[in-house]
Amino acid sequence: MGSRCFAPIIFLSLVAVCAARPLYPLPSKLAQGAKQPLQTSRPYNIAHRGSNGELPEETGPAYMRAIEEGADFIEGDILATKDGVLVCAHDLILDDTTDVKEHKKFADRKRTYMVQGSNMTGYFIADFTLEELKTLRTKQRLDFRDKQYNGKYPIITFEEYISIALDAPRVVGIYPEMKNPVFNNEHVKWSGGRRYEDIFMETLQKYGYKGSYLSKDWLKQPVFIQSFAPTSLVYVSNLTDIPLLFLIDDVTVVTEDTNQTYSEITSDAYLNYIKNYVVGIGPWKDTVVPVVNEYLQAPTDLVARAHARNLQVHPYTYRNENKYLHFEFHQDPYQEYDYWINKIGVDGLFTDFTGSLHRYQEASSPLPNAKASSVLHKIAALVSSYKNG
Ligand SMILES: *[C@@H]1O[C@H](CO)[C@@H](O)[C@H](O)[C@H]1NC(C)=O
Ligand SMILES: *[C@@H]1O[C@H](CO)[C@@H](O)[C@H](O)[C@H]1NC(C)=O
Ligand SMILES: *[C@@H]1O[C@H](CO)[C@@H](O)[C@H](O)[C@H]1NC(C)=O
């Protein structure tokens, strides 16, 4: 059934959520022009699934924390519910990030589906309506991260995620992923023969997202659309001039739609092809600088070859915990950021700890206007203390 038919239900459930607890108000009418603009002079701080190092991933609070901590973009994965509503969730199944197993009434929803060539078993988002999903609560995925927020926050919709960015006190971009488009189109149907990608684009257009990279429209509401599926990117490039970014998985993984290997999609010929559609690539960082036994090896030439074609490079994922820091970084996430920004020369970084990347960048390359405003602040403080004195 089409999402249009369910629009009233979504609206009601949003109202219900808002009435109970005004967590995510819909976009305010505040003039965007008055807001502090997106910084464009240093690599982008992309808050991977929100500040998911601290709070359950892809939740309202995780995104709001990332905004407080200095994110340029909040990043999210967009999947489809049984009734065709787009929601923020990384995994096709709910098992690792929600309390679904504690809900007896959903015990019979466990399924096995073929996903990218192998069987996956669990509670699939595509088998739940939005109303059902809203009864679940999220939890921390990783057992060594803070669990105090488990059971508190609901899954949010793509529209609620957009609202959080638009309501931020400064210009904050969004960075949504067309996640598992092959699976979504196989398991969820929309009216009028529309595809998942169409619904995804309609949502962005509804909230006024448009414009090519760095255009006036884009700077007002910055957005990158990302996907691992090249055919989905080519398809939406026909619907929008919003900048697109091609994600590249580990060397052992083939593309979900075109079944191409890592070496095929990182070849010169393929970069020459895909650069007609995208402004950049998003590779898994350990493929750009291979790692053996936690030691860095010589970097590949992928960044140089991408830059030679005017493609940005936004690798993923940077994480503070010692277990993720390769030995050359001496257990210091600032050293990892220094290496990737100053030695490898990337243009954006997907991080689980937006606050750390922000503090690193503020210390190493403060924004000119931030500096000026802090000087003005000091002068104002001096003047006012003089006046008061
Ligand atoms: C997936 O599960 C089905 C049903 O149990 C089985 O027939 C099929 O061989 C499995 N496929 C793979 C790739 O494991
Ligand atoms: C782009 O749109 C045109 C006109 O609607 C259509 O004929 C063409 O097949 C589309 N191309 C892709 C790659 O979807
Ligand atoms: C993907 O390509 C490999 C060879 O590169 C082939 O063996 C396999 O059958 C293909 N899978 C699909 C789903 O087309």
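Modeller: A residue is called buried if 20 or more other C-beta atoms lie within 10 Å of its own, exposed if 12 or fewer, and partly exposed in between, with C-beta atoms placed from the backbone. This is a predicted model, in which local features need pLDDT of at least 70 and side-chain atom pairs count only at pLDDT 80 or more, while totals for chains, interfaces and linings use all residues. Residues are numbered from 1 along each chain as its sequence is written, and chains are lettered from A and ligands numbered from 1 in the order in which they are written.

Biologist: What makes Q331 exposed, partly exposed or buried?

Modeller: Q331 has 13 other C-beta atoms within 10 Å and is therefore partly exposed. Its phi is near 60 degrees, a positive value in a residue other than glycine. Q331 is placed in the loop between β12 and α13.

Biologist: Where is T317, and what kind of peptide bond joins Y316 and T317?

Modeller: T317 is found in the loop between β12 (312-313) and α13 (333-344). The bond joining Y316 and T317 is cis, with omega about -15 degrees.

Biologist: Which residues does T240 touch, not counting residues up to four places away in sequence?

Modeller: T240 touches M201 and K210, where contact requires C-beta atoms, placed from the backbone, within 7 Å. T240 and M201 are 39 residues apart in sequence and 8.0 Å apart in space, but that distance runs from C-alpha to C-alpha.

Biologist: How do you know that helix α4 is mostly covered?

Modeller: Helix α4 (residues 158-166) has 9 of its 9 residues buried. Among them are F158, Y161 and L166. Their cover includes α2 (60-68), β2 (73-80) and α6 (196-206).

Biologist: What makes a nonpolar core, and which residues have the most contacts inside the largest one?

Modeller: A nonpolar core is a set of buried Ala, Val, Leu, Ile, Met, Phe, Trp, Tyr and Cys residues joined through C-beta atoms within 7 Å. The largest here has 85 residues, and F73, I74, V87 and I125 have the most contacts inside it. Helix α4 gives the most to this core, with 6 residues. Leaving aside neighbours within four places in sequence, the contacts of F73 include Y44, I174 and F224.

Biologist: How do you know that β8 and β9 pair?

Modeller: Two strands pair if DSSP finds at least two bridges between them. Strands β8 and β9 are joined by 4 bridges and run parallel, with F246 bridged to I281 in β9. Strands β9 and β12 are joined by 2 bridges and also run parallel.

Biologist: Where does pLDDT stay under 50?

Modeller: pLDDT, the predictor's confidence in each residue from 0 to 100, stays under 50 over residues 1-25. The mean of the chain is 91, and 86% of its residues reach 70 or more.

How values were computed
Two residues are in contact if their C-beta atoms, placed from the backbone, lie within 7 Å.
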